[in-house]
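Please look at the sequence and the model first.

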Amino acid sequence: MEEDIEKIQEETKRWDKDCLGKHTFRKRETDWGLEIKPLYTVDDTKDINYLKEIGFPGEYPFTRAPHPSMYLGKLWTMRQYSGYGTADETNKRYKYLLEQGQTGLSVAFDLPTQIGYDSDHPLSQGEVGKVGVAVDSLADMETIFNGLPLDKLSTSMTINAPAAILLAMYLAVAEKQGIGPEKLNGTIQNDILKEYTVRGTYIFPVGPSLRLITDIFEYCSKYVPKWNTINIAGYHMREAGATAVQEIAFTFADAIEYVNAGIKAGLRVDDFAPRISWIFNTHNNFFEEIAKYRAARRLWAKIMKERFGASDPRSWMFRFHTQTAGSALTAQQPLNNVVRVAFQTLAAILGGAQSLASCSFDEALALPTEESVRLSLRTQQIIAHEIGVTDTVDPMGGSFYIESLTKKMEEKITDYIKRIDELGGAAAAIEKGYIQQEIQESAYRYQKEVESGGKVVVGMNSYQVEEPLPKGLLKVDTEVGAIQIKKLKELKTARDNQKVQSTLLALRKTAEGYANLMPPIIEAVKAYATLGETCDVLREVFGEYEGTSVI
Amino acid sequence: MNRDKRIRVLVAKPGLDGHDRGAKVIARALRDSGMEVIYTGIRQTPEQIVDAALQEDVDTILLSILSGAHGFLFPRIMELLKEKGLGDILVLGGGIIPEDDVPELKKLGISEIFGPGMSSQTLINYIRENLSQG
């Protein structure tokens, strides 16, 4: 091929001038400013060294895939994000989804749970059970997983500030089922930095929050070895408006901060790095999304090997969960979302996802119904079994456009990480408002393009129709708050309150010192101390994070 | 109202919901259209929002919420506004609010509820028209 390059370059110039030049069209650009060429040829990939930069699946730098046989050996985990109302209702939804062929669980908690308030806290009013399931104590977790064998499932929990407490509850539920922690598979999100920037469910200041995270790293490396101790999230930054490049760059910057914190806490990088996992957002731009995941795999491998000197190949390996883009759904003509979700789901698979949640078409309006969530699960199953995209590993590899875009994205992401390093790392960049500002700029630019019609959103700013009001949406029972408050009252009379007090006191002592927080949290949880009581002890010792906002 | 006076807007995020992409984009768009905009930041109680409205002497309050807690929080905010003698402020809601809930919210005195996909120009026009009538 090499001897042909000059000839191909000449021919491309000729074609460009004599053939393409006779046609007029609008130039195309990515959201992050790269001009997309009308045609890519071997000339665009000639500088990419195949063995060094692309390589083989399951081998450094993992551009093509983290595992050698990928979907030939094992399909991705089909894991719809769900949970609402009471523990009982959520348990029913999980059983339904598993019956329908879902292969993993993903727990959505309500906002009071995510911020460490019990259902009877004044700030919980109106919020209980709304965006996820309400968990006040171990009793609720026992109900959520009632009849679900935890040694045969993998469970992902979207929980951040109080992640240690929910993990402790999960370990306690498993113990009651007679299952040891070494057998448990699953993930906690445990990614506080993006809560400060875009998601908002923070509790404690940066320092103690990082301590909680590294305590979990340490505890799990010893006792829960198969657990993914952190699920570093780009998803929410993308939802807040970040471009694909910013999504990966800011997530990797956060990840670098966590790895540094682990090392600073005295851990060996290869003891915790293999348990790092990720969640990203698979958006509308099909090829960009595929290239994004290929670039991320390659770059993370390089960061771990070259920057942190990790020597275990599992530390280099980028394994990710993704969810399709909630913000790409339209409230107008909601059935159009079925098509958007299908394309995004396909992009996630061509990008090499290990685990996937597909949004439901009614989610711009409400939480999904049983029917709508089943349709999005079926979308994954059709892609898995009917259309042949799982028959070979990384079928997009070698496409001139995909390889060129992968390279360009890797370069742009690297530039951003350098900039954040110069600012002193992710925590410092967040404190300066840099990451928030960059995301807001992208969000505003996008909105202006949509409003000017420069970006077509079918059914919303173009091809509109008069529509009747949507029917059959899911409504969360307004009584959930009252039900939870009643259960809390009963719990507080039934439990051994002296034991609760003594375990909370032990937790306070540990929080004031330097020992690992997991053991006293587990003891408190097992005594049925509530989530709010446990968080309050930590609030009193650690203080609370004060959010700021600039527009 | 005095035509020379710039319209003062409070963009507020009641409750525990952290989704503020929409609130921030709207705040920028209103500011670019010449209004004075104050953004409360996320996780505000009804009391904090009403206090901010009073202190900042705003003409309109935009409440953005996606968590589904509007059924509790919006009535509380409207009640506090009336208690403080701020019943004449133009109050608008946005976010993810089911159509079924809109009539009840309007009865409380919330002038309009805007859903996903609304253009910022629609909102700007709405505010200008409704304040000039008032």
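**Terms set against values**

Q: Which residue in E5(A) stands opposite A:Ser82?
A: In this predicted model, A:Ser82 faces A:Val107 of E5(A).

Q: Why do strand E4 and strand E8 of chain A stand at the edges?
A: The open sheet has five strands in the order E4-E5-E6-E7-E8 (chain A), paired in parallel. Strand E4 (81-82) and strand E8 (227-228) of chain A each have a single partner strand, so one side of each lacks a neighbour in the sheet.

Q: Which helix lies across E4 and E5 of chain A?
A: Helix H4 (residues 87-99) of chain A does, running at about 155° to E5(A).

Q: Why is the link between B:Asp101 and A:Lys475 called a salt bridge?
A: The term requires a side-chain nitrogen of Lys or Arg within 4 Å of a carboxyl oxygen of Asp or Glu. For B:Asp101 and A:Lys475 the closest N and O atoms are 3.2 Å apart, and therefore the pair qualifies. The count between chain A and chain B is two salt bridges.

Q: Which helices of chain A each supply at least two residues of the side that touches chain B?
A: They are helix H5 (111-115), helix H8 (193-199), helix H10 (235-239) and helix H19 (434-452). The largest share, seven residues, comes from H19(A).

Technical notes
Residues numbered from 1 in each chain as written. Chains lettered and ligands numbered in written order. Predicted model: local features only at pLDDT ≥ 70, side-chain atom pairs only at ≥ 80, totals over all residues. Heavy atoms only, no water. Pairing = 2+ DSSP bridges. Helix = DSSP H or I, 4+ residues; strand = E, 2+ residues; numbered from the N terminus. Contact = heavy atoms within 4.5 Å. Axes fitted to C-alpha atoms, helices over the stretch in contact; angles between N-to-C directions.
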